[in-house]
Amino acid sequence: VQLQASGGGLVQPGGSLRLSCAASGSIFGINGMGWHRQAPGKQRDLVASITYGGRRNYAESVKGRFTISRDNAKNTVVLQMNSLKPEDTAVYYCNAEVRSSYGSNLVTYWGQGTQVTVSS
């Protein structure tokens, strides 16, 4: 199973970015999907997550600014980031809880990370 993230870059404060992540490989089903971020010298923290049924969870710092969505048919998850702030600067990682075959255990996979820099 591979997760391929894209969409990072440099943006000015107040701007927007859209991150996408696609899961591929031996996938029977995917439970939760989400995004975490890690700034230099800090731990990796949850940004947003979404269940298969569409229940969303956000970090307090991004509520009202970020929106997570997913396409279950395409095994993709998207993070729309608006009103970006310098403190949103970090490497963003997508993750997915994958079941590779019927009855198998869930395994969490991670994407390679994409850099988001918010600076004027």
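Visitor: What makes β1 and β3 a pair of strands?

Guide: Bridges do. Two strands pair if DSSP finds at least two bridges between them. Five of them join β1 to β3 (residues 17–24), so by that rule the two are paired. They run antiparallel, and one facing couple is leucine 3 and alanine 23, the latter in β3. Before you go on: this is a predicted model, where local features need pLDDT of at least 70 and side-chain atom pairs count only at pLDDT 80 or more, while totals for chains, interfaces and linings use all residues. Residues are numbered from 1 along each chain as its sequence is written, and side-chain values use heavy atoms, with hydrogens and water left out.

Visitor: Why is β1 called an edge strand?

Guide: It belongs to an open sheet of four strands in the order β1-β3-β8-β7, with antiparallel pairing. β1 (2–6) and β7 (66–71) each pair on one side only, and that makes them the edges. From one strand to the next, the twist averages 15°; such angles run from 0 to 180 degrees between N-to-C directions, with axes being lines fitted to C-alpha atoms, for helices over the stretch in contact.

Visitor: And what holds paired strands together in general?

Guide: Strands of a sheet pair through backbone hydrogen bonds, either parallel or antiparallel.

Visitor: How many helices and strands does the chain have, and what counts as each?

Guide: Both are DSSP runs, numbered from the N terminus: a helix is H or I over at least four residues, a strand is E over at least two. By that count the protein chain has zero helices and 11 strands.

Visitor: What makes you say β4 is mostly covered?

Guide: Buried means under 20% relative accessible area, exposed over 50%, and partly exposed in between (1.4 Å probe, protein chains only). In β4 (residues 29–38), seven of the 10 residues are buried. Over the protein chain, 37% of the 120 residues count as buried.

Visitor: Which strands does β4 pair with?

Guide: Eight bridges join β4 to β9 (residues 90–99), running antiparallel; there, the bridge partner of arginine 37 is tyrosine 92. Another five join β4 to β5 (residues 45–50), also antiparallel, with histidine 36 opposite leucine 46. β4 and β5 form a hairpin with six residues between them, and in the turn glycine 41 has a positive phi of about 80°.

Visitor: How do you know that cysteine 21 and cysteine 94 are joined by a disulfide?

Guide: A disulfide is a pair of cysteine sulfur atoms within 2.5 Å. Here the S to S distance is 2.1 Å, so the pair qualifies. One disulfide turns up in a search of the whole structure. The link is right-handed, with 55° about the S-S bond. Cysteine 21 lies in β3 and cysteine 94 in β9, so the link ties together parts 73 residues apart in sequence. Both cysteines are buried.

Visitor: Why is threonine 117 called partly exposed?

Guide: Its relative accessible area is 24%, which falls in the range between the buried and exposed cut-offs. Threonine 117 sits in β11 (residues 114–118). Leaving out residues up to four places away in sequence, it touches Gly9, Leu10, Val11 and Thr89, where contact means heavy atoms within 4.5 Å.

Visitor: Buried or exposed, or in between: what about serine 83?

Guide: Serine 83 has 40% relative accessibility, so it counts as partly exposed. This serine is in the loop between β8 and β9, and its phi is near 50°, a positive value in a residue other than glycine. Asparagine 75, in the loop between β7 and β8 (76–81), has a positive phi too, near 55°.

Visitor: How does the radius of gyration fit that of a compact globule?

Guide: The rule is 2.2 Å times the number of residues to the power 0.38, with the radius taken over C-alpha atoms. For 120 residues that puts a compact globule near 14 Å, and the protein chain has 14 Å, which agrees. The box filled by the C-alpha atoms is roughly 50 × 25 × 25 Å along the principal axes.
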